[in-house]
Amino acid sequence: MSNSGPIFLLLCFTLLPTRIFAQEVNTPDVKPRPTAEAVALENGPVMDGEVLGDETWQQITPFGDLGQTQPNFGRPATEKTEIRVAYTDQTFYVSVVCHDASPSTLVVSDARRDADLDNTDAFLFIVDTYKDGQNGFIFGTNSLGVEYDAQVDNEGQGNFNVNRQQGGTIGGFNLNWDGSWEVKTQVGDFGWSAEFAIPLRTLRFQAGRDWGINFRRNIRKTNEIVYWAEMPVGLDLKRLSLAGTLTGLNLRSPGNLKLIPYVLGRIDKDFTLADAEYDLSGEIGGDVKYSITPSLTLDVTYNTDFAQVEVDDQQVNLDRFNLFFPEKRPFFLENAGLFSVGSPGEVDLFFSRRIGIGDNGNIVPIIGGARLSGKLNRTNVGLLSMFTEDVREKGIEENNFTVARVNHEFKGRSALGAVFINREGLQSDNYNRTIALDGKLGLGRKARMSGFFAKTKDPNDTINAHSFKFQSDYNWNNWELRAAYTEVGQGFNPEVGFLLRSAFKKPEGLVLYHLRPKDPEAKILEYRPHISYRGYWNFDGFLETGFLHVDNHFEWKSGTELHTGVNITTEGVVFPFDISRGRNVVVQPGTYRHAESQLIFFTNRSKPFSVNLRSVIGGSFGGTRYVETLTASLRLGDKFNSDFTLQYNNFQLPVGNFTANILRSQLSYAFKPNIYLQGLIQHNTTDKLWAANLRFGWLQRANTGLFVVWNYNLQDGDPLNNSFIVKYTRMFDLMK
């Protein structure tokens, strides 16, 4: 192969024995988990971000002996942190004073809600309100007072080897959950401080119990990540089984009944129709949220509309299998992890995008529905029922979608659950049903076994309508070890789920080691040599895909990273397919074995300007492919952020040559943390499509407020379906 020389050299570099450069730093068994006490207050503090001068806070003894996870594991933080926790009968409070010797150098990158805090000076904490060591809520902020929140399920653990094309909710971490709470900050000569006020009705908890809790601070000038409850190398805040304990809580349910109505007006024009005219329309609808108990919530929605939601990133399908687009609609995101069963991104037994979104991305109107979700002692329960309208011109009938989920958690990171998923046509006997059992068995703090078994049923007489997966994980002492086997039968058809591909048998595995230098003056933070494999066989014993990946990640304390890898690939094609999507470059049946080099490089993302490069060069279907993705990120102050991405795909195959490119520009300007303007412009050369999405948001509580959205699309120079939308939604707390 013409690329074998460079690939061989890269392989040698990848496998270079890193012990030449560093001595291993094993993570010992973690220290005893710390304990803190929450203080009961008659009245809450004044929410202005000032902690040092607030009499309420100064009467509470602070704690905050935080230790480094990086750059120097086990050493104390270089800056002092003071944390205080309190509560009233209505609100849970956290305050922090982040002392900093040079507050003028604090790094802030984005003022929008849920902006990434990894590369900024930030403070985050997680609360395990059930003290089950599995589920929790994350809250965080930076010196600007950004509201950052997320839900964590199953300690944030999801699938480990599926290439995620986009963000969204996957596995056990749901960034798109938005609670109703408040944070205020101040910056001074001491550093910066923050006050969090989280209404108890925003959380779900069991009265009369301690909570699990952990705190994290980022100190960017030294690229430090420090924790209150020590985290072993390779783990983070989501590992709730290693959190500390918060005592002193005497909480009772404050009651929770919220009405969230919306009004919407829109102007649409579909230029693909003859004699197209502008269509002016309006909608009203809304949601009701009622907490039956502090840990069990009923959500009801009517005439659901998601016009304000960010559009999908465009993708180019250069293979024979399905593309994954994540769920971004708010109603389906709360407690999404509870309903997640299977292997996320590959075999999702329930995929909420099937409700209200057709196979080709067309919107199917949602009449309404309800969701009951939460916890009864140690048992998670969920019931979802949604109704969609018919779309006669597209042959879609009215449907009911029902999901029933139960999952009982045992001590020791173990659980056993079941799920029933049903789509029922309301105008015919057309249906599709999935039933599954799933579970996990914790083997101490370090290892875990998990899996599921599922079957589907529909009016068709099918065989092998089953799917299952068994997986084992070990994550401790700097090691990450994983092995799994997945099988999807020929007749397995979860219509309300997602299959990356159908009918396969798949073994897979990963071995990864975190190698840290002992020398605290070393410029290298960590090496991560690893090897992984996955293979897809069909039921005739034919290998359709084999992927052996050998890699080493070099991470510097400056924030720069370099990943060098080699992939040994096998592609078995059973039926010819047009890889160019319409340009008649047809790959013929056969087995294609190749090798390719992989190089990933990115600079410190906390800087105003950063670059991310991903390059894959090597054999493909008997020829050569060049896949280059370059992203340049520019930040001007704390208000303007931009990402410019070019994805270049060049295939030179025996059956023909072609290119398929995507150009994406993402721009945002935050007037305030709750007022922003976002623009997304995309160009797809395969479909000759230009798409622009402009969104203005004026947020109020829990991501409600005013939204103005403009969509404009061009294909091959001709306009398509374009729209202008104004939506206003507001939350009314009826039990405040």
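Colleague: Is Arg433 buried, partly exposed or exposed?

Modeller: Arg433 is partly exposed, with a relative accessible area of 28%. Buried means under 20% relative accessible area, exposed over 50%, and partly exposed in between (1.4 Å probe, protein chains only). Keep in mind that this is a predicted model: local features need pLDDT of at least 70, side-chain atom pairs count only at pLDDT 80 or more, and totals for chains, interfaces and linings use all residues. Residues are numbered from 1 along each chain as its sequence is written, and side-chain values use heavy atoms, with hydrogens and water left out.

Colleague: Which side chain does Arg433 meet in a salt bridge?

Modeller: That's Glu424, at 3.1 Å, N to O. A salt bridge here is a side-chain nitrogen of Lys or Arg within 4 Å of a carboxyl oxygen of Asp or Glu. Glu424 is partly exposed too, with a relative accessible area of 23%.

Colleague: How many salt bridges are there in the whole structure?

Modeller: A search finds 37. Glu155 and Arg239 make one of them, at 3.6 Å, N to O. This pair links distant parts of the chain, 84 residues apart: Glu155 is in the loop between strand S8 (148-152) and strand S9 (173-174), and Arg239 in the loop between strand S13 (224-227) and strand S14 (244-247). Strands are DSSP runs (E, at least two residues), numbered from the N terminus.

Colleague: And is Glu155 buried or exposed?

Modeller: Buried, with a relative accessible area of 5%. Arg239 is buried as well, at 7%. Then there's Glu82 with Arg84, where the closest N and O atoms are 3.7 Å apart; both of those residues are buried.

Colleague: Which residues are linked in a network of salt bridges?

Modeller: Arg516, Glu526, Arg528, Glu555 and Glu561.

Colleague: OK, switching to strands. In what sense do S22 and S23 pair?

Modeller: Antiparallel, over 12 bridges, with S22 covering residues 399-410 and S23 residues 414-425. Two strands count as paired if DSSP finds at least two bridges between them. For instance, Thr402 has Asn422 in S23 as its bridge partner.

Colleague: What's in the turn of that hairpin?

Modeller: There are 3 residues between S22 and S23, and Gly412 in the turn has a positive phi of about 85°.

Colleague: How many residues join S23 to S24?

Modeller: That hairpin goes through 5 residues. S23 and S24 (residues 431-443) pair in the antiparallel sense over 10 bridges, and Gly417 has Asp438 in S24 as its bridge partner.

Technical notes: Helix = DSSP H or I, 4+ residues; strand = E, 2+ residues; numbered from the N terminus.
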